[in-house]
Amino acid sequence: MKQSRFEQLHQHEWQAFDDTLHALEQGKARQTQVLADFPAAYRRVCHHLALARARGYSPHATEHLQQLAQRGHQQLYRHRSPLASRVLGFLLGGFGRLVRAEWRYILASSLAFYLCLIGMGALVLAYPDLVYSVIGPEQVREMEAMYDPDASRLGRFGERSSGDDWVMFGYYVMNNIGIAFQTFAGGLLFGLGSLFYLIFNGLVIGAVAGHLTGVGYHQPFWSFVIGHGAFELTAITLAGAAGLRLGAALVAPGRHRRADALRLAAHPAIRLIAGATFFLFIAAFIEAYWSSMTFASPAVKYAVGTALWLSVGLYLMLSGRTQHAPE
């Protein structure tokens, strides 16, 4: 069956299902209506999604059905699944599936961030004074003090006692989550805000990395950032992808009104930023309790950091692929 004929046959049914979902999400539908009609309608939408995928219909058609199926799943099981189990299911399977489903936005976000980071780092190595075009002289001196090879601890407030690590954990959480939510919310400016923060943070991090490498502080700096960077930098690109998802809905809403397109895009975008926040909590813990320590040799830190980067990659690529993976 041609895609146009398929959509023509079922468009009214999908619209009715979307209206039911909207009523449920607004709390305007009665439970008896859900028990009577909703499960069968949900199963039919899932069946249509499977047919659309098997027949190779356009991404627009499959994405719309995917959104309906995801929203339907949430409404069908929201009263049966406790919050803790839903969160655990998302972390064990749903997050990985979501990242793979939104790979286009994540690729765009990663390219914007990492190309600026790597490019600025290389330029600062070649032209050292270029660092002052991105960060001021006072900030440069602070960075040099933070990663002085003779410091007892690395990072911010390096001379603190071990009892203050929990304070730094809180600081890193608030700072990193603030950056991530800035990047995410910038998507409401038709994606331009997200691109700005991705590029800006990439340039700043690249300038710092290039400068510290050029002045001979490469070992303390890279051994410090390699561990928590696996989670922190990945979280920044995920937040950027979530913002770009919102921006794309505003720039190209398709057949929907912009408000409706934004509402549909908000579901995967919010789940992406939730996963990014989880990554940032892990990054803050590693940064406060492991990265800043100097008792471990750089070789050990590089080995641990490499293992963490591999773990993040494998988690995002493989989690949720099993037949009975958690939702």
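A salt bridge is a side-chain nitrogen of Lys or Arg within 4 Å of a carboxyl oxygen of Asp or Glu. By that rule, a search of the whole structure turns up seven salt bridges. This is a predicted model, in which local features need pLDDT of at least 70, side-chain atom pairs count only at pLDDT 80 or more, and totals for chains, interfaces and linings use all residues. Residues are numbered from 1 along each chain as its sequence is written, and side-chain values use heavy atoms, with hydrogens and water left out.

Let us start with one pair. Side chains of opposite charge can pair when their charged atoms come close. Arg-141 and Glu-138 form a salt bridge at 2.7 Å, N to O. Both residues sit in helix 6, three residues apart, about one turn of the helix. (Helices are DSSP runs of H or I with at least four residues, numbered from the N terminus.)

Next come two helix pairs. Axes are lines fitted to C-alpha atoms over the stretch in contact, and angles run from 0 to 180 degrees between N-to-C directions.

| Helix pair | Angle between axes | Distance between axes |
|---|---|---|
| Helix 8 (192-214) and helix 9 (218-251) | roughly 170 degrees | within 11 Å |
| Helix 9 and helix 10 (258-291) | about 170 degrees | 8 Å |

Angles over 145 degrees count as roughly antiparallel. Helix 8 and helix 9 are therefore roughly antiparallel to each other, and helix 9 and helix 10 are therefore roughly antiparallel as well. The contact of helix 9 with helix 10 has 25 nonpolar, four polar and four charged residues. (Ala, Val, Leu, Ile, Met, Phe, Trp, Tyr, Cys and Pro count as nonpolar, Asp, Glu, Lys and Arg as charged, and the others, Gly among them, as polar.)

Now for the open spaces. On a 1 Å grid over the protein atoms alone, a cavity is a set of points where a 1.4 Å probe fits but cannot get out, and a pocket is an open set with protein on both sides within 12 Å along at least five of seven lines; lining residues have an atom within 4 Å of a point.

The second largest pocket holds about 970 Å³ of space. Among its 33 lining residues, Met-143, Tyr-147, Val-204, Ile-205 and Glu-232 lie nearest its centre. Helix 9 gives the most to this lining, with 10 residues. By class, the lining has 23 nonpolar, six polar and four charged residues.

The largest cavity has a volume of about 40 Å³. Its lining consists of Glu-7, Gln-11, Trp-14, His-60, Ala-61, His-64 and Arg-255.

Definitions and conventions
Helices (H or I, at least four residues) and strands (E, at least two) are DSSP runs, numbered from the N terminus. Angles under 35 degrees count as roughly parallel, over 145 as roughly antiparallel, 65 to 115 as roughly perpendicular and the rest as oblique. Grid points are joined across faces, edges and corners, and a volume is the space filled by probe spheres set on the points.
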